[in-house]
Amino acid sequence: MARQLDWYSYQLLAESIVTMRQQGNRNRIVILNPKGGCGKSTLTANIAACYAQRGHRTAIMDYDPQGSTTAWLSRRSSDLPEIHGIAAYKRSMQATRSWQLRVPNDIENLIVDSPAGVTHDDLRELTRDSSSILVPVLPSSMDIHAASRCIADLLLVAKINRSERKLAVVANRTRKNTKSFAKLMRFLDSLGIPIIAVLRDSQNYVHSAERGMGVHEMQPSRVRDDVAQIDRIVEWLDGWEARRSQAIEHTNIGRAPRVGFGLLRKPQFGSA
Ligand SMILES: Nc1ncnc2c1ncn2[C@@H]1O[C@H](COP(=O)(O)OP(=O)(O)O)[C@@H](O)[C@H]1O
Ligand SMILES: [Mg+2]
């Protein structure tokens, strides 16, 4: 006699497939550079605030034991658009393999703030399933050196495929017309990886961070240049699905069979 799944089991199955699809379509942005102080948490907070201001459901996953973005969120006023925070640093990297399960299903943009000095294993783990990876770089010889190693590791260890075009650099704390800025730009240009924004050295980032805000949430007349650069970053980030489709078309990975709602056809169990 044929046996059927009960209604509750169907609901669970349907929900898990919907969740799988949502997570597959989620914009997962990883901010990474093993060098401390280059602006990872600043960038994370400002991208999150920009998305939240645009009405997108946004979460930050804070992997840094210093908990900078978690502290930033705790200073954020409840009058501002909500940003969901996940203090991932409280668990070991191994225990966070199933990170998807702890992010609320309705989150559209997940921004991952990473710690300084990640191991190769952590690098692979952090960048897995990412839609975009941003590397903030400061204009100093030491930082330029550290950034080139970080980008080499992303390409060779984490096996980020250049054709996916998910990797980009943000020049941070720049002062135009200085030698160090020119050196940074020459270095970034030589990598063939896009420089999607140039953030100036400005107290606006410091003051907004102190208040749990992004520059988008400060008085507009004071932050126009800074807002324009964060907008550029977010516009580039929003192109992730188009870039992925192009990469799939390019490499023909898309031939893999698709998992669809066909899975929900009632299963027929044979008699025992
Ligand atoms: N563009 C900027 N202008 C001025 N100060 C900045 C800028 N970016 C970051 N900072 C400051 O530099 C310090 C380090 O930045 P942070 O984002 O915490 O780096 P990381 O997370 O990479 O360690 C913080 O005090 C931050 O406020
Ligand atoms: Mg940080």
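Two residues are in contact if their C-beta atoms, placed from the backbone, lie within 7 Å. By that rule, residues 24 or more positions apart account for 79% of the contacts in the protein with a separation of 6 or more. The model is predicted: local features need pLDDT of at least 70, side-chain atom pairs count only at pLDDT 80 or more, and totals for chains, interfaces and linings use all residues. Residues are numbered from 1 along each chain as its sequence is written, while chains are lettered from A and ligands numbered from 1 in the order in which they are written.

**View 1. The whole protein holds nine helices and seven strands.**
Helices (H or I, at least four residues) and strands (E, at least two) are DSSP runs, numbered from the N terminus. A residue is buried if 20 or more other C-beta atoms lie within 10 Å of its own, exposed if 12 or fewer, and partly exposed in between. Buried residues make up 36% of the 272 residues.

**View 2. Seven strands form an open sheet with parallel pairing.**
Two strands pair if DSSP finds at least two bridges between them. The strand order is β3-β2-β4-β1-β5-β6-β7. At the edges are β3 (83-86) and β7 (195-200), each of which pairs on one side only. From one strand to the next, the twist averages 20°. Angles run from 0 to 180 degrees between N-to-C directions, and axes are lines fitted to C-alpha atoms, for helices over the stretch in contact.

**View 3. Strand β1 (residues 27-31) pairs with β4 and with β5.**
Five parallel bridges join β1 to β4 (residues 109-113). In β4, Leu-110 is the bridge partner of Arg-28. Three bridges link β1 to β5, again in parallel. Here Ile-29 stands opposite Ser-132, and Val-30 stands opposite Ile-133. Why is β1 largely enclosed by the rest of the structure? Four of its five residues are buried, so the strand is largely enclosed. Strand β2 (residues 58-62) also pairs with β4, in the parallel sense, over five bridges. In that pair, Thr-58 stands opposite Asn-109.

**View 4. Strand β5 (residues 132-137) is mostly covered.**
How many of its six residues are buried? Six of the six are. In a regular strand the side chains alternate between the two faces of the sheet. On one side of β5 are Ser-132, Leu-134 and Pro-136; on the other are Ile-133, Val-135 and Val-137. Both faces are covered.

**View 5. A right-handed β-α-β crossover leads from β5 to β6.**
Five bridges join β5 to β6 (residues 167-174), and the two strands run parallel. Val-137 has Ala-171 as its bridge partner in β6. Between these strands, the chain passes through helix α5 (residues 141-156). Right-handed means that, with the strands pointing away from the viewer, the path from the first strand over the helix to the second runs clockwise. Helix α5 lies across β5 and β6, at about 165° to β5. Helix α6 (residues 179-191) lies across β5, β6 and β7, at about 180° to β6.

**View 6. Ala-48 sits in helix α2.**
Is Ala-48 buried or exposed? Ala-48 is buried, because 28 other C-beta atoms lie within 10 Å. Not counting residues up to four places away in sequence, Ala-48 touches Thr-58, Ile-60, Ile-83, Ile-111 and Gly-214. Glu-82 is 34 residues from Ala-48 along the chain, and their C-alpha atoms are separated by 9.7 Å.

**View 7. Lys-159 and Arg-173 have a positive phi.**
Most residues other than glycine have a negative phi. Lys-159 has a phi of about 55° and lies in the loop between α5 and β6. With 9 other C-beta atoms within 10 Å, Lys-159 is exposed. For Arg-173, phi is near 55°. Arg-173 belongs to strand β6 and is buried, with 22 other C-beta atoms within 10 Å.
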